[in-house]
Amino acid sequence: MTNMLHSYVEKLVKIYSVYSDDQYAEWSKNYLRNQFDFIGIRTPLRRRITKQFIKENGLPPKEELKDVIFTLWSLPEREYQKAALDILQIAKKDLSSEDLLWLSNLIVKKSWWDTVDVLSPHIMGYLFSNHKELIPAFADKWIEDDNIWLQRSAILYQLYYKQETDEERLFRYILRRESSNEFFVQKAIGWVLREYAKTQPENVKLFVATNNLKPLSKREALKTYFESYSAMEGVPVMSCCIAALFLCEKHVSEEE
């Protein structure tokens, strides 16, 4: 570690330690199933602290960025992985295709939804949108990997693509993992479909109705429809699940 790098991370560690809260740290640890230690800094405060830190100290030089991120990732408290993600989101415009290899390693280190759900749509998704030629070498392989966080990342990288979504690839990834029993994979499928439904609602309804998705994935995918139906009929959202799914199937039969 260079002196500059040591100084950059050490400064941030020193600042974060001032805001430690043992009670909130314990709550946060329990919330993430006792997998990580915490300092106890609430997310809005952490973001303000990090933003001010970067304003005063700048981003790490490009040649030091990887080492800064890996150093933060290696620290035991979860806030430092979140700080690494905060830095990456600000620095992502300076990232290149050469950075994707080391960035993808973060998906499988200290993996949980709270880091993967930033890395995939916000960092990987950004890079893939600018370097589509890299998708076969990375995302196409992630969906085939046994690691559920790589699978989730492959499914979610297009989360905010809207009209730029590669629908064929998205649906292909989902069908590859539609039978998964992993909660975080099923949830990702439903989440990305629900988001894509804001752009292509009929395509999503047809896809859900004509494929054997897990119940959790279906519920999540059609959540917007459930909520709309609930508001219209004045009944609980969960009571609308069967009705919404029926409407999807009716749509298919009408198309046929």
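Helix H5 covers residues 78–91, 14 residues in all. The expected span here is 1.5 Å times one less than the number of residues. Helices are DSSP runs of H or I with at least four residues, strands are runs of E with at least two, and both are numbered from the N terminus.

The model is predicted: local features need pLDDT of at least 70, side-chain atom pairs count only at pLDDT 80 or more, and totals for chains, interfaces and linings use all residues. Residues are numbered from 1 along each chain as its sequence is written, and side-chain values use heavy atoms, with hydrogens and water left out.

The chain has 15 helices and zero strands. Of its 256 residues, 48% are buried. Buried means under 20% relative accessible area, exposed means over 50%, and partly exposed lies in between (1.4 Å probe, protein chains only). Contacts are heavy atoms within 4.5 Å. Among contacts with a separation of 6 or more, 69% join residues 24 or more positions apart.

The average pLDDT of the chain is 90, and 86% of the residues score at least 70. This score is the predictor's confidence in each residue, from 0 to 100. Residues 249–256 fall below 50, and this stretch has six contacts in the model beyond near neighbours in sequence. Where pLDDT is low, the predicted coordinates should not be read in detail.

H5 is largely enclosed by the rest of the structure, because twelve of its 14 residues are buried. Among them are Arg 78, Tyr 80, Lys 82, Leu 85, Asp 86 and Ala 91.

Pockets were located on a 1 Å grid over the protein atoms alone. A pocket is an open set of points with protein on both sides within 12 Å along at least five of seven lines, whereas in a cavity a 1.4 Å probe fits but cannot get out; lining residues have an atom within 4 Å of a point. Grid points are joined across faces, edges and corners, and a volume is the space filled by probe spheres set on the points.

The largest pocket has a volume of about 260 Å³. Its lining includes Thr 43, Arg 46, Lys 82, Asp 86 and Asp 114. Helices H3 (43–57), H5 and H7 (113–130) each supply at least two lining residues. By class, three are nonpolar, three polar and six charged. Ala, Val, Leu, Ile, Met, Phe, Trp, Tyr, Cys and Pro count as nonpolar, Asp, Glu, Lys and Arg as charged, and the others, Gly among them, as polar.

The second largest pocket holds about 190 Å³. It is lined by 14 residues, and those closest to its centre are Tyr 24, Ser 28, Phe 38, Thr 43 and Lys 82. Helix H2 (22–31) gives the most, with four residues. This lining has seven nonpolar, two polar and five charged residues.

Pro 121 is found in helix H7. It is buried, with a relative accessible area of 8%. Beyond residues up to four places away in sequence, Pro 121 touches Val 116, Tyr 126, Leu 156, Tyr 157, Leu 159 and Tyr 160. Its C-alpha atom is separated by 8.8 Å from that of Tyr 161, 40 residues apart along the chain.

Glu 195 lies in helix H11 (residues 183–196). It is buried too, at 17%. With the same exclusion of sequence neighbours, Glu 195 touches Leu 159 and Tyr 160.
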